[in-house]
Amino acid sequence: MTVDQLIDVLTVMGYTKLTSLQKWILYQTWEEKTYTEMAEEIHYGSEYLRRIASKLWLLLSNIFDKPITKGNFKPVLASIPLNPLHQQRIEQYYQSLSQCPTFPIGVVPLSSAFYIKRPPVEEMAYQAIEQLGSLILIRSPKETGKTSLMLRIIDRAKSLGYLTVSINFAQAERGILSNLDRLLRWLCANLCNQLMLANQLDDYWDQDIGSKVSCSSFFQGHILQSLEQPLVLAVDELNRLLEHTETALDFFPLLRSWSEAAKHVTPWQKLRLVVAYSTEVDIPVKIADYLSNLGLPIELPQFDPQQIQQLAQLYGLDWFKGQPSEKLIAMVGGHPKLVQLALYHLACQNLSLEKLLEQAPTRDGIYRDHLLLKLTRLRENPELFTFFNKVIQTDRGVELDSILINRLKNLGLITFDGNQVMPSCDLYRQYFLA
């Protein structure tokens with residue numbers, strides 16, 4: 001039995017629901033990593049990882065009726081055959097999941113099996129949400145899973161007994177986002193509606209002390225003091241505010257002040273903050289300085305080959321040998337949306353992998369809308385477009401010699417190889433060279 005088969009068995013037989021950290025420990029143990037090596041990679045204490053792992057070894061020992069430890073995990077597991085019942089259940093599980101997949105657009109629901117965890121991201125966020133004064137900052141290019149992760153952080157907070165409020169800045173009119181006073185009143189009114197509290201804004205709003213102090217007083221006196229349990233405020237689409245520089249320059253320091261107060265001031269200690277924004281918008285330098293020191297930054301990594309293989313199985317694709325996944329990775333890297341789109345069309349639209357890859361960088365391909373959006377972003381800045389053309393026209397990479405590098409990274413168009421810049425996937429190279 002392999003470690004992947006073990007995780008499948010634990011899942012389909014209902015023995016336990018593994019956390020992303022537990023799965024990661026199993027994979028690392030299979031690779032014969034020490035706890036010290038794991039701790040260095042994931043930034044947890046080795047003793048903490050040891051405690052988590054010891055429960056796993058006890059669980060596995062009971063399930064397979066064999067003494068299993070970290071030291072003998074791989075040889076013992078490899079000696080255990082996958083019995084027919086387990087094989088049947090695993091096949092039925094993946095078949096049921098792949099019967100009616102929906103088109104991969106927008107947030108991945110909590111109940112969906114098509115959410116792919118990216119350790120240690122989820123565990124870092126879950127651990128942070130329990131800490132006083134936590135402010136989690138999820139930032140990545142579009143279509144990389146920010147909102148889906150936020151949804152799971154909120155779900156974890158609910159499981160801890162916390163209250164949660166979700167605010168989406170895409171629902172605020174431009175007139176609200178461009179005016180700090182209107183924005184803060186809009187935020188407080190939304191909080192009251194979701195927490196079913198009376199709207200007493202006028203009792204706290206004082207023109208003489210300003211909107212920021214008035215809002216903070218309302219938060220402390222009307223909202224936080226009325227709650228018995230912690231409150232998680234989750235703000236999505238924060239990038240909408242980045243288009244209004246003056247408002248943003250006042251709003252971000254306010255968030256930071258709330259986070260600092262939550263570390264030592266009693267009413268504020270109930271507050272936890274989670275914010276998410278797309279890095280594809282142009283961020284003025286002053287605002288970038290605030291964002292770089294705002295909270296715990298979480299940038300979602302691309303899917304690795306193992307995760308793509310897992311997702312292919314969920315779509316019912318027989319990719320166990322790995323060659324098809326390698327071809328897809330060669331074209332789109334591990335970009336979550338591009339991988340999902342490919343697997344959906346392969347599984348549900350009767351499209352062959354060869355045809356998909358042939359059409360991928362063209363106007364007839366499944367990525368035409370995604371590529372057109374990237375092209376539009378680049379054309380908004382001719383200097384950026386010129387520099388990216390330089391990146392894609394060389395196989396050796398371009399040295400880090402331009403302030404435009406960060407903007408291309410924020411668009412998800414480049415990756416780094418030492419001190420050189422490369423296109424993040426061959427799809428972009430082929431499309432923009434055409």
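Author: Start with Leu-163, which stands opposite Leu-231 in β3. The model is predicted, so pLDDT sets limits: local features need at least 70 and side-chain atom pairs 80 or more, while totals for chains, interfaces and linings use all residues. Residues are numbered from 1 along each chain as its sequence is written, and side-chain values use heavy atoms, with hydrogens and water left out.

Now the strands around that point. β2 is joined to β3 (residues 231-236) by 6 bridges, and the two run parallel. Two strands count as paired if DSSP finds at least two bridges between them. The elements themselves are DSSP runs, numbered from the N terminus: helices are H or I with at least four residues, strands E with at least two. The sheet is open and has 5 strands, ordered β2-β3-β4-β1-β5, with parallel pairing. The edges belong to β2 (163-168) and β5 (296-298). Each has a single partner strand, so one side of each lacks a neighbour in the sheet. From one strand to the next, the twist averages 15 degrees.

A helix covers this region. α10 (residues 180-195) packs on the sheet and touches β2 and β3. Its direction makes about 135 degrees with that of β2. Such angles run from 0 to 180 degrees between N-to-C directions, with axes fitted to C-alpha atoms, for helices over the stretch in contact.

Step into β3. Leu-233 lies in that strand. Its relative accessible area is 1%, so Leu-233 is buried. Buried means under 20%, exposed over 50%, and partly exposed in between, with a 1.4 Å probe and protein chains only. Residues up to four places away in sequence aside, Leu-233 touches Val-165, Ile-167, Leu-191, Phe-219, Leu-271, Arg-272, Leu-273 and Val-274. Contact here means heavy atoms within 4.5 Å. Val-274 is 41 residues from Leu-233 along the chain, yet their C-alpha atoms are separated by 6.2 Å.

Now look inside the helix. Cys-188 has its place in α10. With 0% relative accessible area, Cys-188 is buried. Its contacts, not counting residues up to four places away, are Leu-201, Trp-205, Cys-215, Phe-218 and Phe-219. Phe-219 is also on the contact list of Leu-233. For scale, take Ala-39. Cys-188 and Ala-39 are 149 residues apart in sequence and 41 Å apart in space, C-alpha to C-alpha.

Arg-185 lies over the face of Trp-205, at 5.3 Å from the ring centre. A charge sits over a ring if NZ of Lys or CZ of Arg is within 6 Å of the ring centre and within 35 degrees of the ring normal. Arg-156 does this too: its charged end sits over the ring of Tyr-126, 4.1 Å from the centre.

Rings also meet rings. Phe-169, Trp-186, Phe-251 and Phe-252 are linked by ring pairs into a cluster. Asp-250 is found in helix α13 (residues 245-261). At 31% relative accessibility, Asp-250 is partly exposed. Beyond its neighbours within four places in sequence, Asp-250 is in contact with Leu-180 and Lys-212. Ser-211 is 39 residues from Asp-250 along the chain, with 10.0 Å between their C-alpha atoms.

Widen the view. The whole structure holds 14 aromatic pairs. Trp-30 and Phe-73 form one that is edge-to-face, because their ring centres are 6.2 Å apart and their planes stand at 80 degrees. Rings of Phe, Tyr and Trp (its six-membered ring) pair if their centres lie within 6.5 Å; planes under 30 degrees apart count as stacked, over 60 as edge-to-face, the rest as tilted. Trp-30 lies in α2 (residues 20-30) and Phe-73 in α5 (residues 73-79), so the pair ties together parts 43 residues apart in sequence. Trp-30 is buried at 16% relative accessible area. Phe-73 is buried at 2%.

Phe-103 is in the loop between α6 (84-98) and α7 (121-128), while Tyr-344 is in α17 (residues 336-348), 241 residues apart. Phe-103 is partly exposed at 39%. Tyr-344 is buried at 12%.
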